[in-house]
Amino acid sequence: MASSLAFPCLQLNFQSPTNSASTRRFVLRPICASVSEKSSSSSSSSQSSVSAQPAADLPIKKIPGDYGLPFVGPIKDRQDYFYNQGREEFFKSRIQKYQSTVFRVNMPPGPLITNKSQVVALLDGKSFQVLFDVSKVEKKDVFTGTYMPSLDLTGGYRILSYLDPSEPKHDKLKRVMFFLLKSGIKSVIPEFHSSYSQFFETLESKLADKGKANFNEANDQAAFNFLARALYGANPADTQLGTDGPKLVQKWVLFQLSPILLLGLPKFIEDPLFHSFRLPPFLVKKDYQRLYDFFYHSSAHVLDEAERLGVSRDEACHNLLFATCFNSFGGMKLFFPNMIKWLGRAGAKLHNQLAQEIRSAVRTNGGNITMSALEQMPLMKSVVYEAFRIDPPVPLQTPKIFEKAAEFVPDRFVGEQGEKLLQHVLWSNGPETENPTVGNKQCAGKDFVMLASRLLVVEFFLRYDSFEIEVATSPLGPAITMTSLKRASF
Ligand code: HEM
């Protein structure tokens, strides 16, 4: 969804801390940013933690940066972010200018959508972790960053992702999510197999027909079907939804994220229209209702549980829709093409190593993909972690933590030393070594996503020896075209 910001985790880069009067947002207690000359060790096993109290031997510095004049400053930063510099350069040039990875800046969209643009960017692995401490950072209404989409897009409710753990509803709704995921867990492996077998067949027939195949389009359909079948036991094709699910979701998500997306339209149309005004929710109401009806009719067992926990069926259903379509589908829609991009670029040698490892583990498990078979695939697990590391919500992580940080290193997380690095893999809004709870804001679907991502690699290399791709960019992340798929020869 975002070449500019990666949903579903956009807000992570841009929390606004501090007790500054002009910075009105989010933080309960002040964070003192201190800039150390000492580098953190590259593979340190000590916990990276950020304390509200600075270490006694470090100098306290004022957070650098400048918000500029009201109204003008936020628009200037927005222009730099989207058009004059682009996201990478926007942050890099300011890191250079301020000689600090922590600085004040305005984040899009700004006026006329919101007057709360002022944030403190935390762009290194250490300061960033303060955002996981719910005692220091309030996460109320910050899921999409500095603005909040209209509640008309979510049935009038503030959805779980927008709730701070201090709000009683957060606890209840997160329990509903855990219940949903638990009740679907047994179906994940078989439903992934069935949805993604269909996906491979589509790719193969397109390749045979036209010599190339659009990965993203087929992945959208497979991901939506997989989620509906695994989590709700419902096959969209057998309902009024048919194959429209992905298209409806995409439009609905666009209505929520248009203020912070680079859609690729001419700047003089895109900026005044999409970054300065919200798209009117009534234009997507009918589409949303179709999705709602599908989820309402497929989720009786989860809605029963929600009622038992004191959440109305209606509110629970809007939350299920959001978790499935925005968090989960949105995540898979972005992450799977990303992972295939890195694997594709890594080339045939890695493909062969993965195929050997995966097929041998499946063979020793009686020819079945099981949880224990997955555990016997260290290289497969590592490439998935590596893909999550290299395209995470923190695009500018310091190389002080990871050696060769800009490179895709397939076996980075293999072995004891490799596993120690997992504490620095943060895609889920928390360390990979920690778990989502009702008291934190870590992704409820962390294990589910990891399992699904592993299954994609496993299914891929059970079926194919190797593959080739072309990569282009789109407003929705990498656009992958498959140019060859080499069927398994051993
Ligand atoms: C590749 C896929 C996914 C990615 C990258 C991802 C990422 C994230 C991130 C970064 C957050 C933190 C948001 C915040 O700070 O408030 C989050 C929250 C959340 N995610 Fe995921 N997610 C993915 C898939 C899923 C799936 C499959 C589910 C299934 C239910 C899910 C459910 C949630 C929920 C309910 C929250 C809100 C948690 C809370 O408020 O405590 N996500 N996700």
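Trainee: Which residue in β5 does Asn214 stand opposite?

Mentor: Asn214 stands opposite Thr481 in β5, and please keep in mind throughout that we are looking at a predicted model. β3 and β5, the latter covering residues 477–487, run antiparallel and are joined by two bridges.

Trainee: And what order do the strands of that sheet come in?

Mentor: The order is β3-β5-β4 in an open sheet of three strands, and the pairing is antiparallel. The edges are formed by β3 (213–214) and β4 (464–474), each of which pairs on one side only.

Trainee: Which helices lie across those strands?

Mentor: Helix α5, residues 188–210, lies across β3, β4 and β5 and runs at about 80 degrees to β5. α16 lies across β4 and β5, and its direction is at about 130 degrees to β4.

Trainee: OK, what about β1, is that strand enclosed or open to the outside?

Mentor: β1 is largely enclosed by the rest of the structure, because five of its five residues are buried. Both of its faces are covered, with Val102, Arg104 and Asn106 buried on one side and Phe103 and Val105 buried on the other.

Trainee: How many bridges does β1 make with β2?

Mentor: β1 and β2 pair over five bridges in the antiparallel sense, and within that pairing the bridge partner of Phe103 is Ala121 in β2.

Trainee: Switching to the ligand, what does the protein give to the iron atom?

Mentor: The iron atom of the ligand has a single donor from the protein, the SG atom of Cys443, at 2.3 Å. Cys443 is placed in the loop between α15 (415–420) and α16 (446–463).

Trainee: Which other residue has a positive phi without being a glycine?

Mentor: Phe71 does, with phi at about 70 degrees, and it is found in the segment before α1 (72–84). Its relative accessibility is 47%, so Phe71 counts as partly exposed.

Trainee: Now helix packing: at what angle do α11 and α12 meet?

Mentor: Helix α11 (residues 313–346) and helix α12 (residues 348–364) pack at an angle of about 110 degrees, and their axes are 6 Å apart. The two helices are therefore roughly perpendicular to each other.

Trainee: Which residues make that contact?

Mentor: On the α11 side they are Leu343, Gly344 and Ala346, and these meet Ala348, Leu350, His351 and Leu354 in α12. By type, the residues of this contact divide into five nonpolar, two polar and no charged.

Trainee: Moving to α14, is Ser382 buried or exposed?

Mentor: Ser382, which lies in helix α14, is buried, with a relative accessible area of 1%. Apart from neighbours within four places in sequence, Ser382 is in contact with Pro410, Asp411, Arg412, Phe413 and Val414.

Trainee: And Ala406, buried or exposed?

Mentor: Ala406 has a relative accessibility of 72% and therefore counts as exposed; its place is in the loop between α14 (378–390) and α15. The C-alpha atoms of Ala406 and Ile390 are separated by 7.2 Å, while the two residues are 16 residues apart along the chain.

Trainee: Last one, how many helices and strands are there in the whole protein?

Mentor: The secondary structure comes to 16 helices and five strands, and buried residues make up 56% of the 490 residues. Of the contacts between residues at least 6 apart in sequence, 70% join residues at least 24 apart.

Technical notes
Residues numbered from 1 in each chain as written. Predicted model: local features only at pLDDT ≥ 70, side-chain atom pairs only at ≥ 80, totals over all residues. Heavy atoms only, no water. Axes fitted to C-alpha atoms, helices over the stretch in contact; angles between N-to-C directions. Helix = DSSP H or I, 4+ residues; strand = E, 2+ residues; numbered from the N terminus. Parallel < 35°, antiparallel > 145°, perpendicular 65-115°, else oblique. Contact = heavy atoms within 4.5 Å. Nonpolar A, V, L, I, M, F, W, Y, C, P; charged D, E, K, R; others polar. Donors = N, O, S within 2.8 Å, 3.2 Å for Na, K, Ca; no water. Pairing = 2+ DSSP bridges. Buried < 20%, exposed > 50% of the residue type's maximum accessible area, 1.4 Å probe, protein only.
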